[in-house]
Number of protein chains: 2
Amino acid sequence: MIERLSLNVWTTKGWSLPEAVAGCVRAGIPGIGLWRDKVEEVGVEHAVKLIADAGLTVTSLCRGGFFTVGPVAAADNRRAVQEAAALNAGVLVLVVGGLPPGSKDLPAAREMVTEGIAALAPYAAEHGIRLAVEPLHPMFCADRAVVATLGQALDIVDAIGAPDIGVCLDTYHVWWDPEVHRQIARAGDRIYAFQVCDFLVPIPADALLGRGHVGDGVVDIPALAQAVAESGYRGFTEVEIFNQQVWDTPGDETLRTLVARHQQYLAGIR
Amino acid sequence: MIERLSLNVWTTKGWSLPEAVAGCVRAGIPGIGLWRDKVEEVGVEHAVKLIADAGLTVTSLCRGGFFTVGPVAAADNRRAVQEAAALNAGVLVLVVGGLPPGSKDLPAAREMVTEGIAALAPYAAEHGIRLAVEPLHPMFCADRAVVATLGQALDIVDAIGAPDIGVCLDTYHVWWDPEVHRQIARAGDRIYAFQVCDFLVPIPADALLGRGHVGDGVVDIPALAQAVAESGYRGFTEVEIFNQQVWDTPGDETLRTLVARHQQYLAGIR
């Protein structure tokens, strides 16, 4: 059963969007998670047609966010919402940004994030797009996301108090958190996207690339997927892997691994 | 005012213990944080005499822990307690250990840790040694410490409920945590050791070595030190840096930097 499996296009970094779409069709993978850079290469309209013709479901668009870079973020985030709407993505994933350049003031950066999301929320709602705040592993706190835990992401969602704001959960980022199961239960129907990949040890020289196929690392991914299912989530499971070795592998082979691992570890979870 | 500054001996990795003791005396640094390997090189008795003759205060002994490796940990931890007592260290820092080999069961590993500390506690108390559970940055969760946050460390301390069990707080490991200020306040007089160094970005190829002098990274260390002082902590501030460039620098120069940074960032905190 791969009826809820989705390929995030960065997993097959070497493929263009048309190649990724064709690859999904060949592999029988019904979902696709998009990144704006891959969409931009072919244009939004062409991307929409490609994906529709292939019968794929868009499971998310990555990414909006980076609220801590300053006012320029607002305009870019509105464009991201427009693109998500045009692509029928449903969900825009927000990687919220790290510390502003030269700053060590985490509380201030976190306040910028809350204000930025709150300001974007009405625009997203008008376009029928749900915003998914993604906590990133604490090793990326300074340069990518000052939101480091699921609990913190939900606190922000609660503080804003608008409908259609939830979270994106990625096993790689949250597995270590002693609170994660409690927070998944708390999230309930506010989990808007579920991404999986494994955490590899040792961490490679480029810390961003220590993500592996489900089963290749240290994370009990089925336990997390089970908790997510029990919270009520019925959406796709998107596989997003940044890993040089995976990127050096032919895309069709990578997709066969995706399907095999999904069947081995995740297909039985309801 | 460097009256509460302490050199952790791994900051000057190239120095033997006698060299580190002499370096502290030259630099006017009154405290020294020990590691068992450095002590072992000269023997406990000689180490005790060296340190006493120099008039230094031992601020902690690193490290016990690694409860997840199995039964062998218990005997080694009792030896660590004995050494801490012989060295008048007062505090034994516990790095609790990662996942057991081949296991992905974090809850089970965490249970092993709680049981291991609980079993060690009476022995430590008999020897007048306080145990300090150290949460490590979540990037080390799999291979070094399944205790990843200060809140989790305090939960374990609470669960065991014995006197003389507290925490070791290292700015490098906890700075990213949205709960850290709340948990420092909760810790109160259970902070038994306070270690400082900065978190460098980008993370270097060996993730263990991304520690810098106070002020060289992204962490608002004075804010954390202020919170620790407000919790009632009146002990030493131990500088523990793992960094190849620092290790390649002559020790006396490193100690001058320690003193200068302490005066610049931390000496005014009461």
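Two residues are taken to be in contact if their C-beta atoms, placed from the backbone, lie within 7 Å. Helices (H or I, at least four residues) and strands (E, at least two) are DSSP runs, numbered from the N terminus. The model is a predicted one, in which local features need pLDDT of at least 70 and side-chain atom pairs count only at pLDDT 80 or more, whereas totals for chains, interfaces and linings use all residues. Residues are numbered from 1 along each chain as its sequence is written, and chains are lettered from A in the order in which they are written.

In chain B, helix 5 (residues 106–126) lies across strand 4, strand 5 (130–133) and strand 6 (165–170), and runs at about 150° to strand 5. Such angles run from 0 to 180 degrees between N-to-C directions, the axes being lines fitted to C-alpha atoms, for helices over the stretch in contact. Helix 11 (residues 251–266) of chain B also packs on the sheet, where it touches strand 1 (5–8) and strand 10 (237–239); its direction makes about 140° with that of strand 1 of chain B.

The sheet of chain B is a closed barrel of eight strands in the order 1-2-3-4-5-6-7-10, with parallel pairing. The twist from one strand to the next averages 30°. Two strands are regarded as paired if DSSP finds at least two bridges between them. Strand 3 (residues 57–65) and strand 4 (residues 91–95) of chain B are paired in the parallel sense over four bridges, and B:Leu61 has B:Leu92 of strand 4 as its bridge partner.

Strand 7 (residues 191–196) of chain B is largely enclosed by the rest of the structure, because six of its six residues are buried. A residue is termed buried if 20 or more other C-beta atoms lie within 10 Å of its own, exposed if 12 or fewer, and partly exposed in between, with C-beta atoms placed from the backbone. Strand 7 of chain B pairs with strand 6 in the parallel sense over four bridges, and here B:Asp170 stands opposite B:Gln195. Strand 7 of chain B is also paired with strand 10, again in the parallel sense, over three bridges; B:Phe194 has B:Thr237 of strand 10 as its bridge partner.

Chain A comprises eleven helices and ten strands. Its radius of gyration, 17 Å, is close to the 18 Å that the globule rule gives for 270 residues, so chain A is as compact as a globular protein of that length. The radius is taken over C-alpha atoms, and the rule is 2.2 Å times the number of residues to the power 0.38. The C-alpha trace of chain A spans about 45 × 40 × 35 Å along its principal axes, and 54% of the 270 residues of the chain count as buried. Of the contacts in chain A with a separation of 6 or more, 77% are between residues 24 or more positions apart.

Chain B can be laid on chain A with an RMSD of 0.0 Å by a turn of 180° and a shift of 0.0 Å along the axis, which is the relation of a two-fold axis. The superposition is by least squares on the C-alpha atoms of residues with pLDDT of at least 70 in both copies. B:Ala205 is the residue of chain B that comes closest to the rotation axis, at 1.9 Å (C-alpha). At the interface, 23 residues of chain B are in contact with 23 residues of chain A.
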